[in-house]
Amino acid sequence: MNLRALSFRNISAVYIFVVMFVVFSIWIPDRFLQVGVWRSILDAEALTGLAALAALIPLVTGSLNLAIGAQVGFTAILSGWLLAKAGLPIAVQLPLVLVVGALIGWVTAVVITRLRVEPIVATLAMSSILLAGMAWVSGSQQILDLGPSYRTLATTQWAGVTVPVYILFAVALVSWYVLERTPVGRRMYASGFNPDSARLAGVGVTRIQTGALMAGGAISALAGALLTSRLNAGDPTVGPSFLLPALTAVFLGSTQFRGGRFNVWGTLVAMYVLAVGIKGLQLGGSPRWVNDLFYGVALILAVALSQWESRGRMLWRGRRRSGEPEEPAEAEPKVTTPAGHS
Amino acid sequence: MSAEMSGGDPLLRVTSLVKDFPGLRALDDVSLEVRSGEVVAVLGHNGSGKSTLVKVLAGRYAADGGTVELPASAGEEAAELHFIHQDLALVGALTAVENLNLIGSARLHPHDSRAERRRATELVSRFGEAFDVTVPVASLTPGQRAIVAIARALDGWTHPRNVLVLDEPTESLHGAEVEVLFSAVRRLAADGAGVMFISHRLDEVLALADRVVVLRDGRVVAAEPVDGLDHDRLVELITGVTPAEIEAHQPQDVRSTDPVLSVRGLRGGAIENLDLDLHAGEVVGVAGVLGSGREAVPSLLFGAVPSHAGSFTVGGAVVLAPTPATSIRRKVAFVPGDRARHGSTAQMSARENLTLPQMRTVRGAGGAISTRRERAEAERRLAAYDVRPHRTEQRFGLFSGGNQQKIVLARWLRDDPLVLLLDEPTQGVDIGAKTTIYEAVGQAAANGTAVLVSSSDTKELLRICDRVLVLRDGRLVAELAGEALTEHRLLVEGYGLTPDNPEIQTNQGPS
């Protein structure tokens, strides 16, 4: 590790965390510095973390998924419905939910890659369709009577930490390995940065993007299944609220560690840092609407930070290379991702 | 048409202009004048400094020396410079009326659409027959679009004595449309404007210009009236008679062996029908003017764009509908002309760009990429191709053009390809990197790779190719090798200036 790895630019979330920790520890030490508080943050955010990874994986390949919240919500309702109404055992219900999640990703991929609808539009539409599906399956009612055993899935603790946290870190570990250590991951990043040049380098861009959306779909379904387990009910109102925290974490995470690249650990660190901030504000007595305000502001700051970073780079290059007899070599700015701009 | 050529006052005076790029002097002591009432053609090869000159005049580059003046003569306002670029800069979905009002129309009060329409019709009909100004310009003919662009450039002239710079405006025009544009330009000149006309179409230059300024390697090598010039003389001026500058290339004759790549009846893009054989160890050039289909050949063979072929074999195996992935598996490599858009990923490191097409050999246990192995390989390749700075982890986008191209070439030569397809391999590349690239291509051929180079740079083709195929209008018109392979012949064949075929001489468009 050199100094650059510890610079504010590279690990700003860690510095922000330290500042927040100090501030809250001084302000509300009796409430903030409790083991229970930290355990509850770890547990409560595990599902957000899964949703964030589900958004991250397709985003690496260039597809911004605005349907993540709806995907979590739909699969949560589906989990409840399969248990309570269809009467399936968990051993069948859980795999089925994951398959349906992957299938949703596949449909999204077809819309994006075959029908050539911009990801942002395609996923917005998918989101609406899934919300309709949710209302249809649930009749806009909570689905109760899931049976006694399903709840244990999300509430069992090992060493004081609930199962979803372990699941999150397992999924994160696999995602990290694939994205950063395997040729597939390299091709995923290449597809997201510059699909044209990736294709000419032999990358099956369409296949990569489809796979990423399907993997994201399966992970969001996992989050949905765990959500229903935790609530002990299929609740049609909760899922969509995962979208903003998940995307905020992904975008803020892209400014961490990997110099503008979307990445797994940056996403998780960013998410927990944001969660600690919110928890601290809540414990300090802030009203609930502060959550939304906090995520909104954080999302703007996260994206602005990544833009600022790439602009800084461009200026620097401009100085060095203003004399080159050609246009800047960077790819043209692309849709909505900071990585596309960087 | 050259009636006033010596009588007019200078409207634009360029004196001793110098523009340096790292490792390259693009403009070297360039002086020229454009006078009222005359059309001055600026001629030169790619890399001669033409486009740099236009960019300096347009203010996109700052000159490193010299002056650009717009002298005002007694009682006259100073001239203004107006530009019409190759792409015309029109908004295709808007109508002619709207395009004419784009500039300076940020006001919010409602406009008088009838008056605007009348004025637009008036403006465009100054240059010939009026046409419908209320349809989107995308649905107009290219010639009419050019008229709209000219009308817009002229709109708001407070006096006629301005300078209009036309930068390769006829690229997209057909013969008759070129004539429409030219009569518009002549009318302007007759009204006292000065016109600077950048083109590489010699016939057009002879037809339109009063005076010719020829640039070569950033210097003005000729500034003469067009009277007394002909095609041959122009070609001579553009290329210069400098055989000593071109390094001797020992042509390989390997055509007795079986071809590595063989294609019959290749079609796609601008290519109508092409037969081609590439043999191991030879470097084959593809030449031709813009619109000849020259640049389409490598991407068609690679499968970057859809192609059809009567028969197509690589390494003896039949190829059906090539795609980049299948071509790479057949050991065919392709270096695209547009490095930023197609050839590289600016956000990734040099190392990642280098290994993207083939990561098999840098994998370690469990199929994962071995960072150690990958870095070692990247280190080695960057050193072999003299990439500066020698940093495998630096973002690709932060390297200079020449070094980027070296990395791209290194990427494709990693696996000793059977066939290497190159499109404009040294575009935007400084002299030093050029040499490295030529050496790498020569080395690849020596190792048995069949190389195909499509290039607009005739010097480059002469320097590295064993034989050169000249295309025109999507078809092969000549194959030059040995004694016949000269810059002069390349130009003559490329432009279709064969003396015994006068019909082609007068044909102005690519039609």
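Which residues of strand 8 of chain B are buried on one side and on the other? B:Arg211, B:Val213 and B:Leu215 lie on one side, and B:Val212, B:Val214 and B:Arg216 on the other. Both faces are covered. Buried here means under 20% relative accessible area, exposed over 50%, and partly exposed in between, with a 1.4 Å probe and protein chains only.

## Basis of the model

This is a predicted model, in which local features need pLDDT of at least 70 and side-chain atom pairs count only at pLDDT 80 or more, while totals for chains, interfaces and linings use all residues. Residues are numbered from 1 along each chain as its sequence is written, chains are lettered from A and ligands numbered from 1 in the order in which they are written, and side-chain values use heavy atoms, with hydrogens and water left out.

## The two chains

Chain A has 16 helices and two strands. Chain B has 17 helices and 19 strands. Helices (H or I, at least four residues) and strands (E, at least two) are DSSP runs, numbered from the N terminus. In chain A, buried residues make up 53% of the 342 residues. In chain B, 53% of the 511 residues count as buried.

Chain A exposes about 14,800 Å², with 68% supplied by carbon and sulfur atoms. For chain B the accessible surface is about 21,100 Å², and 50% of it belongs to carbon and sulfur atoms. These areas come from the Shrake-Rupley method with a 1.4 Å probe; for residues, only the protein chains shown count as cover. Contact means heavy atoms within 4.5 Å. Among contacts with a separation of 6 or more, residues 24 or more positions apart account for 75% in chain A and 70% in chain B.

## A helix pair in chain A

Helix 9 (residues 163-181) and helix 10 (residues 183-193) of chain A pack at about 75°, with their axes 5 Å apart. Axes are lines fitted to C-alpha atoms, for helices over the stretch in contact, and angles run from 0 to 180 degrees between N-to-C directions. The two helices of chain A are therefore roughly perpendicular to each other. Angles of 65 to 115 degrees count as roughly perpendicular, under 35 as roughly parallel, over 145 as roughly antiparallel and the rest as oblique.

Helix 9 of chain A contributes A:Val178, A:Leu179, A:Glu180 and A:Arg181 to the contact. Helix 10 of chain A brings A:Pro183, A:Val184, A:Gly185, A:Arg186, A:Met188 and A:Tyr189. Six of the contact residues are nonpolar, one is polar and three are charged. Ala, Val, Leu, Ile, Met, Phe, Trp, Tyr, Cys and Pro count as nonpolar, Asp, Glu, Lys and Arg as charged, and the others, Gly among them, as polar.

## An open sheet in chain B

Three strands of chain B form an open sheet in the order 2-1-4, with antiparallel pairing. Strand 2 (24-35) and strand 4 (65-69) of chain B stand at the edges, each with a single partner strand, so one side of each lacks a neighbour in the sheet. The twist averages 15° from one strand to the next.

Strands pair if DSSP finds at least two bridges between them. Strand 1 (residues 10-21) and strand 2 of chain B pair in the antiparallel sense over eight bridges. B:Pro10 stands opposite B:Arg35 in strand 2 of chain B.

## Strand 8 and its partners

Six of the six residues of strand 8 of chain B are buried. Strand 3 (residues 39-44) of chain B runs parallel to strand 8 of chain B, joined by five bridges. Here B:Val40 stands opposite B:Arg211. Strand 9 (residues 219-225) of chain B pairs with strand 8 of chain B in the antiparallel sense, over six bridges. B:Leu215 faces B:Val220 across that pairing. Strands 8 and 9 of chain B form a hairpin with two residues between them. In the turn, B:Asp217 has a positive phi of about 50°.

B:Asp210 sits in the loop between helix 6 (202-208) and strand 8 (211-216) of chain B. B:Asp210 is buried, with a relative accessible area of 1%. The C-alpha atoms of B:Asp210 and B:Val39 are 5.3 Å apart, although 171 residues separate them along the chain.

## Buried helices in chain B

Six of the eight residues of helix 1 (residues 50-57) of chain B are buried, so the rest of the structure largely encloses this helix. Among them are B:Leu53, B:Val54 and B:Leu57. B:Gly59 follows helix 1 of chain B and has a positive phi, near 85°.

B:Ser327 belongs to helix 9 (residues 324-329) of chain B. B:Ser327 is buried, at 2% relative accessible area. Leaving out residues up to four places away in sequence, B:Ser327 touches B:Leu301, B:Phe302, B:Pro322 and B:Val332.
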